[in-house]
Amino acid sequence: MRIFLAGVSCIGKTTIGVRLAGLRGVAFFDLDHEIERFFQQPIGRIQAECLTMASYRQKAAKALKNLLVQEPSRESVIALPPSGLMGSYWKIVKTARGFVVVLTDTPENIVERITFYDEDSRPVKRDLTSREKRLYAAELRKDMSFFRRSYEKADFRIDIAGLGPHEAAARVNEILSQTDEVNTARLG
């Protein structure tokens, strides 16, 4: 079974996804990395080639489609970008067999683990001032509002506020395991 993780930027999709994949004994894929591998260039450069974010998503969806036909992805956890349940991505995700899990948290918690990247997708060390943290939290609130309708498409919305990556992955796994048991009982 595939598990698609969605949520706003820096909520922990990759970190939690790696741990969740380990708990379930399946492969992990970060769609951002798969997009860069597929197009053999950093996301920032791919986005710069596209006129709009919608056209970028349409182009990037080709990498998702390619990933889903590969055998290792049949049983996997896949971290989607924040827009992973919109437009071209959603058309592919909704036809794939699997569950969609949206991770939620408070903007303030997310800001504490925010990571910055340069145009070549390399992490950049940056300490935020109190003012910058407030501004980023305000931007995250806007993103949460913007993506809310698309995130309602998910099978599960799991609040990870106050949980570390290990606890969050265990929580997601617990909920999915309960679903596995119900599906097994239904088929058996």
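Select S1 and strand S4 (residues 98–104): the two pair in the parallel sense over five bridges. Pairing here requires at least two DSSP bridges between two strands. Strands (E, at least two residues) and helices (H or I, at least four) are DSSP runs, numbered from the N terminus. The model is predicted, so local features need pLDDT of at least 70 and side-chain atom pairs pLDDT 80 or more, while totals for chains, interfaces and linings use all residues. Numbering starts from 1 along each chain as its sequence is written, and side-chain values use heavy atoms, without hydrogens and water.

**The strands**

Pick Ala6. Its bridge partner in S4 is Val102.

Now show all of S1, residues 2–6. Five of its five residues are buried, that is, under 20% relative accessible area with a 1.4 Å probe, protein chains only. Arg2, Phe4 and Ala6 point one way; Ile3 and Leu5 point the other way. In a regular strand, side chains alternate between the two faces of the sheet.

S3 runs parallel to S1, joined by four bridges. Select Leu5 to find its partner in S3, Ala79. Both faces of S3 are covered, with Ser76 and Ile78 on one side and Val77 and Ala79 on the other.

Next, S2, residues 27–30. Four bridges join S2 to S3, again in parallel. Ala27 stands opposite Ser76.

**The core**

Select Ile35, Leu85 and Val101. Of the 55 residues in the largest nonpolar core, these touch the most other members. Such a core is a set of buried Ala, Val, Leu, Ile, Met, Phe, Trp, Tyr and Cys residues joined through side-chain atoms within 4.5 Å. H4 gives the most to this core, seven residues.

Stay on Leu85. Beyond neighbours within four places in sequence, its contacts (heavy atoms within 4.5 Å) include Ala6, Trp90, Val102 and Tyr151.

Select Ser9, Cys10, Asp32, Thr115 and Tyr117. Of the 42 residues that line the largest pocket, these are the closest to its centre. The pocket's volume is about 1,300 Å³, the space filled by probe spheres set on grid points joined across faces, edges and corners. On a 1 Å grid over the protein atoms alone, a pocket is an open set of points where a 1.4 Å probe fits, with protein on both sides within 12 Å along at least five of seven lines; lining residues have an atom within 4 Å of a point.

Finish on H7, residues 130–151. H7 gives the most to the lining, with five residues.

Key. Buried means under 20% relative accessible area, exposed over 50%, partly exposed in between (1.4 Å probe, protein chains only).
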